[in-house]
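Got your viewer open and your selection tool ready? Let's take a walk through this one, stop by stop.

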Amino acid sequence: QVQLVESGGGLVQPGGSLRLSCAASERILNILLMAWYRQAPEKQRELVAAINSGGSTTYADSVKGRFTISRDNAENTVSLQMNSLKPDDTAVYFCYYYANNAGRLREFWGQGTQVTVSS
């Protein structure tokens, strides 16, 4: 079974930066959308940023201007550069892939990586 594996989480001070990366354990064809979600304690999971196969991006209002999502189609990876981090960014971050494999729509989720912003 294909797995997504996130890396790059950790503890950072307010104003600092982190870069998250996500890779698939096997090649996934025709990934239509790659995205990052996050879930803070006692809150619902929310979309942080997404990028489609054409490179168009969308961001949550709370991270616009601070976070940048990018993808490498050849490597099946997606990254999230997070700058000017705030304590409110503290959450578990999940990567997500949405693919169309020969007409079969499939979703893939990572296990999550903890990001903690604290002094």
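Which side chain meets that of Arg38 in a salt bridge at 2.7 Å, N to O? Select Glu46: its side chain is the partner. A salt bridge here is a side-chain nitrogen of Lys or Arg within 4 Å of a carboxyl oxygen of Asp or Glu.

Before moving on, a word on what you are looking at: this is a predicted model, where local features need pLDDT of at least 70 and side-chain atom pairs count only at pLDDT 80 or more, while totals for chains, interfaces and linings use all residues. Residues are numbered from 1 along each chain as its sequence is written, and side-chain values use heavy atoms, leaving out hydrogens and water.

**Stop one: around Arg38**

Keep Arg38 selected and colour by accessibility. Arg38 counts as buried at 5% relative accessibility, whereas Glu46 is partly exposed at 33%. (Buried means under 20% relative accessible area, exposed over 50%, and partly exposed in between, with a 1.4 Å probe and protein chains only.)

(Strands are DSSP runs of E, at least two residues, numbered from the N terminus.)

Next, pick Arg66. Its side chain meets Asp89 in another salt bridge, 2.8 Å from N to O. Arg66 lies in the loop between β6 (57-59) and β7, 23 residues from Asp89, and both are buried. Show all four side chains together and you have a network of salt bridges linking Arg38, Glu46, Arg66 and Asp89. The whole structure has four salt bridges.

**Stop two: the sheet**

Switch to cartoon view and find the open sheet of four strands, in the order β1-β3-β8-β7 with antiparallel pairing. (Two strands pair if DSSP finds at least two bridges between them.) At the edges are β1 (4-7) and β7 (67-72), each pairing on one side only.

Zoom in on residues 18-24 and 77-82: these are β3 and β8, joined by six bridges. Select Cys22 and you'll find Val78 of β8 standing opposite.
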